[in-house]
Amino acid sequence: MTTMESLIGLVNRIQRACTVLGDYGGGTGGNAFNSLWEALPTVAVVGGQSSGKSSVLESIVGRDFLPRGSGIVTRRPLVLQLHKTEVGTEEYAEFLHLPKRQFTDFAMVRKEIQDETDRITGKSKQISPVPIHLSIFSPNVVNLTLIDLPGLTKVAVEGQPETIVEDIESMVRTYVDKPNCIILAISPANQDIATSDAIKLAKEVDPTGERTFGVLTKLDLMDKGTNALEVLEGRSYKLQHPWVGIVNRSQADINKNVDMMLARRKEREYFDTSPDYGHLATKMGSEYLAKLLSKHLESVIRSRIPSILSLINKSIEELERELDRLGRPVAVDAGAQLYTILEMCRAFDKIFKEHLDGGRPGGDRIYGVFDNQLPAALKKLPFDRHLSLQSVKRIVSEADGYQPHLIAPEQGYRRLIEGALGYFRGPAEASVDAVHFVLKELVRKSISETEELKRFPSLRVELAAAANSSLEKFREESKKSVIRLVDMESAYLTADFFRKLPQEIERPVTNSRNQTASPSPATPDLYGDGHFRRIASNVSAYVSMVSDTLRNTIPKACVYCQVRQAKLALLNYFYGQISKREGKQLGQLLDEDPALMDRRLECAKRLELYKKARDEIDAVAWVR
């Protein structure tokens with residue numbers, strides 16, 4: 001999976017988790033979850049009734065799953081989360097209100113949307129702002145969150161309140177007014193763009209057009225002899241983002257249940273063979289639209305990572321304060337309490353070591369850091385730029401000062417090498433951070449897999465904090481060690497390496513009597529391009545030798561300072577602190593009051609999500 005897919009998939013998971021945990025209600029963190037949801041970008045699908053919104057969504061998903069009919073069909077917002085799965089896996093759908101049921105028959109998905117809509121609105125034509133949350137897992141989609149909104153209308157029909165026009169527009173505005181909302185404005189090509197309800201609304205809430213993507217549907221239904229090039233090429237109504245044309249399935253295709261994959265192929269064929277749109281074929285169609293939105297979402301998400309992380313960290317602080325505020329019950333026997341806590345710590349420590357040693361999955365990711373990430377990072381170092389001809393000339397000249405070198409520019413060599421070796425600090429520290437991330441993730445997994453700890457969320461939180469605190473210390477020590485390795489290479493250069501290099505070729509000198517004098521260095525060549533290229537080549541060879549050395553020694557330092565220490569001393573500090581606590585303090589870790597347990601579990605779930613989200617965002621952001 002690419003970095004882009006990972007990043008958008010992560011946002012999808014956070015949004016879904018926010019929605020699930022938001023249903024608990026009450027307590028600190030509920031408002032924070034709403035704030036986090038609003039901070040994450042979404043795509044709202046806006047258009048007039050019968051503009052082709054449903055067809056666009058179904059084309060993006062590749063499935064026929066939305067209710068159809070005349071008049072107002074979408075009567076509740078549909079929050080549609082698309083999750084890309086591995087090729088060959090089965091497609092299925094899940095509703096938030098039916099969390100344990102997977103739908104593989106998409107006709108049943110359509111029925112459930114209708115039934116769930118009727119549950120809130122009745123079998124009338126009224127609308128409701130309460131959203132339906134639907135997740136679709138498929139290898140044929142891109143990671144996206146789309147919100148299908150009721151179609152804008154101009155008049156109320158029988159069975160609808162007189163305020164229906166204002167009610168729908170107000171509902172749509174609650175989504176598109178948000179600065180993090182991307183507007184997918186759907187307009188039919190067989191109507192004048194000047195009358196487009198979607199474009200009119202988008203222009204009001206997004207006058208600069210930064211958040212608006214225009215989609216022109218029903219291109220194949222335009223009158224013969226006409227086309228939509230004025231709009232698609234941005235001459236009729238210009239947007240900051242390119243217009244995308246879509247060919248909807250015909251009603252006959254819908255009635256015949258034509259496969260969506262076939263419909264996608266027919267759409268591609270239409271644009272490829274169209275005399276009007278053939279030159280735009282690569283930038284038209286539902287598949288291109290989905291990729292365009294996904295790519296835009298990735299750039300938006302990357303720009304907002306700092307603010308999202310800030311909000312997550314603030315929420316983590318609030319939740320940790322809430323856990324402390326809830327307090328712990330006081331047990332009677334301090335000795336028994338201490339024994340119970342230590343037994344649970346041993347159970348956790350056993351599972352953690354199984355993850356590292358191979359009994360459980362996860363430890364192999366550390367090997368992946370050394371075998372894949374570190375070599376890749378070393379290959380990307382900008383030695384070509386540092387050892388370019390111009391750079392070598394400049395550094396050697398600066399090292400010579402007022403007195404040019406006579407044979408070999410030793411000071412120039414040293415400066416070139418020291419400057420090159422400094423680049424190794426980045427991959428060295430990044431390897432330490434990557435191993436630290438894996439160890440933190442293994443701590444989290446081990447705590448969640450330790451059955452004995454599930455009854456005591458307070459102890460889980462404290463255990464995780466103590467383990468992560470130890471990992472931080474190991475990381476700092478590991479960073480010092482790997483930086484020492486790099487600095488040692490800079491502190492003492494291997495002289496034998498340069499003694500074995502070919503020396504500058506000396507050219508015989510003829511005196512005024514045409515007699516051959518003793519050899520003299522070819523002075524003009526000492527300052528020619530060939531001379532400096534040899535210097536660059538020699539330095540490059542030395543740096544390559546050091547790179548091979550560090551590729552082997554950096555993993556050794558990381559394992560010794562981080563992995564080995566995590567196996568031997570992860571909870572040592574925690575053991576020392578817990579043994580000093582009195583009965584009341586120990587009892588606070590083992591509070592089993594049902595009401596407090598429920599509250600504590602709620603906070604623990606939110607805290608776990610935030611910490612996981614923070615770590616995952618850091619991990620994805622590290623891979624560029």
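This tour begins with the whole chain and then moves from stop to stop.

**Before we set off**

What you're looking at is a predicted model, where local features need pLDDT of at least 70, side-chain atom pairs count only at pLDDT 80 or more, and totals for chains, interfaces and linings use all residues. Residues are numbered from 1 along each chain as its sequence is written, and side-chain values use heavy atoms, with hydrogens and water left out.

**Stop 1: the whole chain**

Show everything as a cartoon. The protein chain has 23 helices and 11 strands; helices (H or I, at least four residues) and strands (E, at least two) are DSSP runs, numbered from the N terminus. Of its 624 residues, 50% count as buried. Buried means under 20% relative accessible area, exposed means over 50%, and partly exposed is in between (1.4 Å probe, protein chains only).

Now think about contacts, meaning heavy atoms within 4.5 Å. Among contacts in the protein chain with a separation of 6 or more, 80% are between residues 24 or more positions apart.

**Stop 2: colour by confidence**

Colour the chain by pLDDT, the predictor's confidence in each residue, from 0 to 100. The chain's mean is 81, and 82% of its residues reach 70 or more. Where does pLDDT stay under 50? Select residues 327-331, for which the model has 20 contacts beyond four places in sequence, and then residues 505-510, with 15 such contacts. Where pLDDT is low, the predicted coordinates should not be read in detail.

**Stop 3: a strand and a helix**

Select Ile147, which is in strand β6 (residues 144-148). Is Ile147 buried or exposed? Ile147 is buried, because its relative accessible area is 2%. Not counting residues up to four places away in sequence, Ile147 touches Thr42, Val43, Ala44, Val45, Leu78, Val79 and Tyr175.

Next, pick Ser54 in helix α3 (residues 53-61). Ser54 also counts as buried, with a relative accessible area of 16%. Leaving out residues up to four places away in sequence, Ser54 touches Leu66, Pro67 and Arg68.

**Stop 4: rings and charges**

Show the side chains of Tyr270, Phe271 and Tyr277, which form one aromatic cluster. How many aromatic pairs does a search of the whole structure find? The search finds 8. Tyr270 and Phe271 have their ring centres 5.4 Å apart and their planes at 80°, so this pair is edge-to-face. Tyr270 and Tyr277 make a tilted pair, 6.4 Å centre to centre with 40° between the planes. Here's the rule: rings of Phe, Tyr and Trp (its six-membered ring) pair if their centres lie within 6.5 Å, and planes under 30 degrees apart count as stacked, over 60 as edge-to-face and the rest as tilted.

Now for charges sitting over rings, which takes NZ of Lys or CZ of Arg within 6 Å of the ring centre and within 35 degrees of the ring normal. Select Lys178, which lies over the face of Tyr175 at 5.7 Å from the ring centre. Then jump to Lys473, over the face of Tyr573 at 4.6 Å from the ring centre.

**Stop 5: two loops**

Select Lys218, in the loop between β8 (212-217) and α7 (229-232). Lys218 has a positive phi of about 60°, although it is not a glycine.

Then find Tyr423, in the loop between α15 (410-421) and α16. Tyr423 is partly exposed, with a relative accessible area of 28%. Setting aside neighbours within four places in sequence, Tyr423 is in contact with Leu381, Pro382, Phe383, Arg385 and His386. Val486 is 63 residues from Tyr423 along the chain, and their C-alpha atoms are separated by 9.2 Å.

**Stop 6**

Colour the helices α12 (364-379), α16 (425-449), α17 (457-491) and α23 (594-622), which each supply at least two residues of the lining of the second largest pocket. Which helix gives the largest share? That's α16, with 10 residues.
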